[in-house]
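Subject: Structure handover and notes

Dear colleague,

I am passing on the structure we talked about, and I would be grateful if you could look through it alongside the notes below.

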Amino acid sequence: MAGPGLYTQIPFCSSKCTFCNFSSRVSPSTVFDNYCASVVKEMDCLPTNLRGAGASDNIYTLPIDTVYFGGGTPPILGIERLQAIAESIRRTFAAAASREFTIEVTPGSLSPDSLTALRKLGVDRLSIGAQSFVDQELASVGRLHSARDTMELAASARRASFDNISLDLIAGLPHQTQASWQESLDAAERLRPEHLSVYIFEIDEKSRLGSELLKHGSLVHANDVPDEAFAADAYEVAREFLKARGYCQYEISNFALPGRESLHNLKYWRLEPYLGLGAGAHSFDGAHRWSNTISPSEYAAKLALGETPIADFRKVSRDELIEEFFFTGLRQADGVDLSSAARRWSATDIGRWQPVIEGLAARGLLERCGNSVRLADSAYIISNEVFQEFLP
Ligand code: SF4
């Protein structure tokens, strides 16, 4: 089994972006010490909690392959608390040899000194939530930073010897036009990040902007959101633009210079194991999925009482795993290897999906390449329709 990825959730932000559907929240800094101590305590109690839930603690003993601090805005905790968590990870797991240590950062949330301190902690990859390089778009969704802040952060990160930087961009933000989208792509590319993630704004009731759009309201710049066709075009423009500049699209939303794919995120799409720490964090050991209670205060309270923070734990059936194999595997440009899938499960199990694969291939949505099947180039923008076919 490949070594697991280790994810630590820091669910706090300075403000809530209107498009955000994550479980992040704005909390007073007085809760940070307790949260940090709770994450450390969760590590100490992991073997007991895993056995108590019904999982093997094998995953706990394997060398950690990748480390990821996500959120939320992890730097909001401050360097000392992040250091305490990183040191606890090093004490608890065989993490010294991890191949990648990423932290998600928001422009304006880190000083040059903090970047140097992160480097000393072993962080070697920054994932910067740029979202746009147009100030009007940033302000309209409640971002607290400007395009200049992003450029300054990237420049400071280079000076602090970060040679693995990822930038996030979102297509379909309020006020976005073809010209402003191109402006963001140009500005992002000028920084020559090793990796870019391009997301399409999703209308989801869990975000303020999404729920406003669903009720046809006009608050939070809902009237200024371009239509779905615009976002789809913007996505295709980004694909072409980045491909022409040497970025390989290795996943539906992710582009990398050669060899700079996100090793941690690849684990999710390859059904490899990962452990999640912190409120709302998810874990997978190859046979079970579980997640912690979402509320940071409840999470901390449970650990303080010596209780497990695991709120949901379930065995994943063989059929579900195979569905997930197609569902997540087809997100990757390489697609899925049917021969290795047949070895992992059985030829009969995989053969059951043959009619679905052939039907999608006949419609031009999937293509065969040797023993692999992958999403056709023209199907990227409607990938969800393809994935639905792999649900029971
Ligand atoms: S900074 Fe990120 S996690 Fe926080 S509210 Fe904005 S999008 Fe959500």
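This is a predicted model: local features need pLDDT of at least 70, side-chain atom pairs count only at pLDDT 80 or more; totals for chains, interfaces and linings use all residues.

Residues are numbered from 1 along each chain as its sequence is written.

The whole chain

The chain holds 16 helices and 15 strands, where helices (H or I, at least four residues) and strands (E, at least two) are DSSP runs numbered from the N terminus. Its radius of gyration is 21 Å, close to the 21 Å that the globule rule gives for 392 residues, so the chain is as compact as a globular protein of that length; the radius is taken over C-alpha atoms, and the rule is 2.2 Å times the number of residues to the power 0.38. Along the principal axes, the C-alpha atoms fill a box of roughly 55 × 55 × 45 Å. Of the 392 residues, 42% are buried, a residue being buried if 20 or more other C-beta atoms lie within 10 Å of its own, exposed if 12 or fewer, and partly exposed in between, with C-beta atoms placed from the backbone. Among contacts with a separation of 6 or more, 71% join residues 24 or more positions apart, two residues being in contact if their C-beta atoms, placed from the backbone, lie within 7 Å.

Helix α3 (residues 79-92) has 14 residues and spans 20 Å from its first C-alpha to its last, close to the 20 Å expected at 1.5 Å a residue, the expected span being 1.5 Å times one less than the number of residues. Its buried residues are L82, I85, A86, S88 and I89. Seen down the axis, these fall within an arc of 160°, so they line one face of α3; the arc is that of the directions from the helix axis to the C-beta atoms. E80 and R91, on the other side of α3, are exposed, whereas the cover over the buried residues includes β1 (5-10), α1 (32-53), β2 (66-71) and α4 (112-121).

Helix α6 (residues 147-159), with 13 residues, reaches 19 Å between its end C-alpha atoms, close to the 18 Å expected. In α6, A147, T150, L153, A154 and A157 are buried, and they cover an arc of only 125° around the axis, which puts them on the same side of the helix. The face of α6 turned away from that side carries the exposed residues R148, A155 and R159. Its buried residues are covered by elements including α4, β4 (125-131), α5 (135-140), β5 (165-171) and α7 (178-190). S161, which follows α6, has a positive phi near 65°.

In helix α11 (residues 296-304), P296, Y299, A300, K302 and L303 are buried; they cover an arc of only 160° around the axis, which puts them on the same side of α11. Their cover includes α1 and β11 (288-292), and just after α11, G306 takes a positive phi of about 80°.

The ligand and the backbone

The residues around the ligand are C13, K16, C17, C20, F22, S24, G71, G72, T73, T106 and G129, on the criterion that the C-beta atom, placed from the backbone, lies within 6 Å of the molecule. By class, this shell has four nonpolar, six polar and one charged residues, where Ala, Val, Leu, Ile, Met, Phe, Trp, Tyr, Cys and Pro count as nonpolar, Asp, Glu, Lys and Arg as charged, and the others, Gly among them, as polar. The peptide bond from G71 to G72 is cis, with omega near 15°, and G72 is found in the loop between β2 and α3.

H221, in the loop between α8 (208-214) and α9 (228-244), has a positive phi near 65° although it is a residue other than glycine. L271, which is not a glycine either, has a positive phi of about 55° and sits in the loop between α10 (263-269) and β9 (274-277).

With kind regards
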